[in-house]
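Hi everyone, thanks for coming.

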Amino acid sequence: IVPRIAIGSLIAYLVGEMLNSYVMAKMKTASKGKYFWARALGSTAVAALVDTVIFSTIAFYGTIPLDALVGLIVTVYIIKMIVEVLVLPITYRIVRSLKKLEGDDHFDTNLSLKTIF
């Protein structure tokens, strides 16, 4: 099971982070750079769901009952979203400080899933 956990973790992380970046960039363009809180929560909601489903499926499918796997996915997803909501004020301050320090607010307007994957 250790190789499955390692492989599942790697694949889920890569796919999840790419989706997080993609959704964040698309939402930023659509919102004209406003509503950071919505972009952060929205991109995390998508990425965390995909990450959790990929990891849990690769790591545990066939080793635990399907209802337990679904319960695990739901529980872990809820925990990830609660953590995101709790750290959002800190994230907001860090992002605002970095933008001020760098003097830049970049928009990825020509982004597509092909460029990410």
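Is Lys80 buried, exposed or partly exposed? Lys80 is partly exposed, at a relative accessible area of 28%; here buried means under 20% relative accessible area, exposed over 50%, and partly exposed in between, with a 1.4 Å probe and protein chains only.

A quick word on the ground rules. This is a predicted model, where local features need pLDDT of at least 70, side-chain atom pairs count only at pLDDT 80 or more, and totals for chains, interfaces and linings use all residues. Residues are numbered from 1 along each chain as its sequence is written, and side-chain values use heavy atoms, leaving out hydrogens and water.

Back to Lys80: its side chain forms a salt bridge with that of Asp51, 2.7 Å from N to O. The term means a side-chain nitrogen of Lys or Arg within 4 Å of a carboxyl oxygen of Asp or Glu. Lys80 sits in helix 3 (residues 66-102) and Asp51 in helix 2 (residues 36-60), so the pair ties together parts 29 residues apart in sequence. Helices are DSSP runs of H or I, at least four residues, numbered from the N terminus. Asp51 counts as buried, at 18% relative accessibility.

Now look along helix 3. Leu69, Ile73, Met81, Glu84 and Leu88 are buried there. At Leu88, shortly before Pro89, there is a kink of about 50°, the angle between axes fitted to the seven residues ending there and the seven starting there.

Finally, the loop between helix 1 and helix 2 holds Tyr35, which has a positive phi near 60° and is exposed at 53% relative accessible area. Happy to take questions!

Technical notes. Helices (H or I, at least four residues) and strands (E, at least two) are DSSP runs, numbered from the N terminus.
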